[in-house]
Amino acid sequence: DSSANQLTLTDSRKIRFGDSGDLEIYHDGSNSTIKNISGGGVLTLKNEDNAKLQLMTQNSYPVEIKTNAENAIICNANGAVELYHDNVKKLETQSFGLEVNGGTIELKGAEGGEAQLKLRADEGDDNDDTWRIIAHVDNKLDISNTASGSWEKNIQCNGNGAVELFHNNTKKFET
């Protein structure tokens, strides 16, 4: 091991920080590791002054973030980013967009507020490419589009079972 304006350690040598060696950094000849060992505290990567923090991969090696021995985030080189819950993959980026594993996506509005899902076809560059689904706090669900340049309601589902159909933002039929 040596130091000449830089700290150079051979493979599998560890740098430890903290009174009890709570944090260690090392390279084992194949993989590099930053490890929070004891104390149960939080390992934080922080970049200040509004600068971005990047996880980058090289060659075919992924960047993995784990808690205990469980996967949390895996960033694959030239491929998917995977998010895990309790070591089970729940979300994965794909060349076509996102894949959700587990079958449920839950959108929650703020307390007293609505939840919205916006869908944009064809890059969303034309008015008629944009749709939204809104769950309102008054027990209603709306499906709307922007074909005329502003939001127009197409369907409204009411919590009591009534369904209303609209044409040009005017109700035409209801159950």
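User: What makes Arg-132 a charge that sits over the ring of Trp-151?

Analyst: In this predicted model, the charged end of Arg-132 lies 4.1 Å from the centre of the Trp-151 ring. The distance criterion is within 6 Å, together with a position within 35 degrees of the ring normal. Arg-132 is therefore described as sitting over the ring of Trp-151.

User: Which ring does the charged end of Lys-14 sit over?

Analyst: That of Tyr-26, with 4.6 Å to the ring centre. This value also falls within the 6 Å limit, so the label applies to Lys-14 and Tyr-26.

User: Why is Glu-82 called buried?

Analyst: Its relative accessibility is 10%, and buried means under 20%; Glu-82 therefore counts as buried. Glu-82 belongs to strand β8, residues 81-85. Among the residues it touches beyond four places away in sequence are Ile-73, Ile-74, Lys-89 and Leu-91.

User: What makes the approach of Glu-82 to Tyr-84 a polar contact?

Analyst: Their side chains come to 2.5 Å. The cut-off is 3.5 Å between N or O atoms, so the pair qualifies as a polar contact.

User: Where is the largest pocket lined, and by which elements?

Analyst: The largest pocket holds about 1200 Å³ of space. Its lining has 26 residues, of which Ser-32, Thr-33, Ile-34, Glu-64 and Ile-65 are the closest to the centre. Elements giving two or more residues to this lining are β4 (23-27), β5 (32-36) and β6 (63-67).

Definitions and conventions:
Residues are numbered from 1 along each chain as its sequence is written. This is a predicted model: local features need pLDDT of at least 70, side-chain atom pairs count only at pLDDT 80 or more; totals for chains, interfaces and linings use all residues. Side-chain values use heavy atoms; hydrogens and water are left out. Helices (H or I, at least four residues) and strands (E, at least two) are DSSP runs, numbered from the N terminus. Buried means under 20% relative accessible area, exposed over 50%, partly exposed in between (1.4 Å probe, protein chains only). A polar contact is a pair of N or O atoms within 3.5 Å; within protein, one must be able to donate a hydrogen and the other to accept it, and residues adjacent in sequence count only if both atoms are side-chain atoms. Contact means heavy atoms within 4.5 Å. On a 1 Å grid over the protein atoms alone, a cavity is a set of points where a 1.4 Å probe fits but cannot get out, and a pocket is an open set with protein on both sides within 12 Å along at least five of seven lines; lining residues have an atom within 4 Å of a point. Grid points are joined across faces, edges and corners, and a volume is the space filled by probe spheres set on the points.
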